Amino acid sequence: MDDSEFIEWVAAHQRPLLRSAYLLSGDLHRAQDLVQDALIKVALRWPRLRTGHPAAYARTIIARDNVSWWRRHHREQPGAARAEAAQVSTDPDTALVVGRALDRLTTRQRAVVVLRHFDDLTERETADVLGISVGTVKSTNAAALARLREGAPELLDLIGRTR
């Protein structure tokens, strides 16, 4: 394995993956664990992944592991105060708005919104990451945005959507 190539890839992708994991999980420590586990899995498969899309593979691992964790623990997404929110955004107000708004969504809605609007994935890429159909991505995204329009219009202003 070419260690330097993998190390460069990690240096370029670790922070965006952590941001995504945090937005998906709502917990900085769990996000760090999710990213660490994903990076280990990428490292183990690096010879096959390096010429493909290792970031997409890592994102898929993060999203699916987060859902698995949630199912094992039978808990709703935490709505606790976000002391770590500044890790995601340099603007604490923005981070607080994002955290509160995402807490209003179901686990699937949260995953679709994060992947589509924060990670800028296409509907097809989002469907592939989550293991669902494109139609499910579309309907889940529409339901999530409707929920945000009603309960968190300030987030829609941040992502450039109109009320």
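Predicted model: local features only at pLDDT ≥ 70, side-chain atom pairs only at ≥ 80, totals over all residues.
**View 1. Helix H4 and its buried residues.**
Let's start with H4, which covers residues 54-73 and has 20 residues. From first C-alpha to last, the helix reaches 28 Å, close to the 28 Å expected at 1.5 Å a residue. Its buried residues include Ile 61, Ile 62, Asn 66 and Trp 69, and Arg 59 is also one of them. The partners that these buried residues pack against are helices H1 (3-25), H2 (28-44), H3 (46-49), H6 (107-118) and H7 (123-130).

**View 2. The crossing of H6 and H8.**
Here the axes of H6 and H8 (residues 134-151) come within 9 Å and cross at roughly 100 degrees. That angle makes H6 roughly perpendicular to H8. On the H6 side, look for Arg 108, Gln 109, Val 112, Val 113, Arg 116 and His 117; the residues they meet in H8 include Thr 136, Val 137, Asn 141, Leu 145 and Arg 147. By type, the residues of this contact divide into six nonpolar, five polar and three charged.

**View 3. An aromatic cluster of Phe 6, Trp 9 and Trp 46.**
Phe 6 and Trp 46 pair edge-to-face, with 5.2 Å centre to centre and 70 degrees between the planes. Phe 6 sits in helix H1 and Trp 46 in helix H3, so this pair ties together parts 40 residues apart in sequence. Trp 9 and Trp 46 form a tilted pair, at 5.7 Å centre to centre and 50 degrees between the planes; Trp 9, in helix H1, is 37 residues from Trp 46. Trp 9 counts as buried at 9% relative accessibility, and Trp 46 is buried with a relative accessible area of 2%. Phe 6 is buried too.

Definitions and conventions: Residues numbered from 1 in each chain as written. Heavy atoms only, no water. Helix = DSSP H or I, 4+ residues; strand = E, 2+ residues; numbered from the N terminus. Expected span 1.5 Å × (residues − 1). Buried < 20%, exposed > 50% of the residue type's maximum accessible area, 1.4 Å probe, protein only. Contact = heavy atoms within 4.5 Å. Axes fitted to C-alpha atoms, helices over the stretch in contact; angles between N-to-C directions. Parallel < 35°, antiparallel > 145°, perpendicular 65-115°, else oblique. Nonpolar A, V, L, I, M, F, W, Y, C, P; charged D, E, K, R; others polar. Phe/Tyr/Trp six-rings, centres within 6.5 Å; stacked < 30°, edge-to-face > 60°.
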